[in-house]
Amino acid sequence: ADFMQYSAKAPINLISMWALIEHVRDPKAYLEKAYSLLEKEGWIALATPNIQSFSAKLKGAKWRYYIPPFHITYGNPESLTKLLNSAGFEVKKTVTHFRPIAFFSNGSRSLKLYQKNKLFRVAIKVALSPLKLFSERFHWGETIEIYAQKK
């Protein structure tokens, strides 16, 4: 069923858009639809890749979350906050997640090694731990979670 055609019998208190917003051409329309379905102080939770992430800047078009034509809309914490505000929401919490796997190109030998070899995976995580601290503090993580409430 298409979310944009959905109608609820009663207002909803939470709508989750996990790994959705990057796939739609008009994310504001989806947020406005969510707003219309939510109860007075209802919540929306969304997660999406973060175009502001350290790995996105480093990898450019080889970033693992750059997947045209499947991912067509990209955002960062600031742009998503503005978008949510414009649709009538107030952002209550923003979190980004640092994922070392984002530094590997899809299909690469190093990605396969990272996925299969626990020792290599631990070594990479240790080597990147300082970057993880900065990334999560300054919202440079690869993915964003945002929790917002209907105003």
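Visitor: Leaving aside its neighbours within four places in sequence, which residues is Ala102 in contact with?
Guide: This is a predicted model, in which local features need pLDDT of at least 70 and side-chain atom pairs count only at pLDDT 80 or more, while totals for chains, interfaces and linings use all residues. Residues are numbered from 1 along each chain as its sequence is written, and side-chain values use heavy atoms, with hydrogens and water left out. Taking contact to mean heavy atoms within 4.5 Å, the partners of Ala102 are Ser55, Lys59, Trp63, Arg64, Tyr65 and Glu142.

Visitor: Is Ala102 buried or exposed?
Guide: Ala102 is found in the loop between strand E3 (89-97) and H4, where helices (H or I, at least four residues) and strands (E, at least two) are DSSP runs numbered from the N terminus. The C-alpha atoms of Ala102 and Ser55 are separated by 6.3 Å, although these residues are 47 apart along the chain. Buried means under 20% relative accessible area, exposed over 50%, and partly exposed in between (1.4 Å probe, protein chains only). With a relative accessible area of 0%, Ala102 is therefore buried.

Visitor: In which order do the elements of the protein chain run from the N terminus on?
Guide: The secondary structure of the protein chain comes to six helices and four strands. Read from the N terminus on, these elements follow the order β-α-β-α-α-β-α-α-α-β.

Visitor: How are H4 and H5 placed relative to each other, roughly parallel or roughly perpendicular?
Guide: Two packed helices are described by the angle between their axes and the distance between the axes. Axes are lines fitted to C-alpha atoms, for helices over the stretch in contact, and angles run from 0 to 180 degrees between N-to-C directions. Helix H4 (residues 109-116) and helix H5 (residues 118-127) pack at an angle of about 105 degrees, with their axes 5 Å apart. Since angles under 35 degrees count as roughly parallel, over 145 as roughly antiparallel, 65 to 115 as roughly perpendicular and the rest as oblique, H4 and H5 are therefore roughly perpendicular.

Visitor: Which peptide bond is cis?
Guide: Most residues other than glycine have a negative phi, and most peptide bonds are trans. Pro69 lies in the loop between helix H2 (54-59) and H3. With omega near 5 degrees, the cis peptide bond is the one from Pro68 to Pro69.

Visitor: What is the relative accessible area of Ala19, which has a positive phi?
Guide: Ala19 has a phi of about 55 degrees although it is not a glycine, and this residue lies in the loop between E1 and H1. Ala19 counts as partly exposed, because its relative accessible area is 45%.
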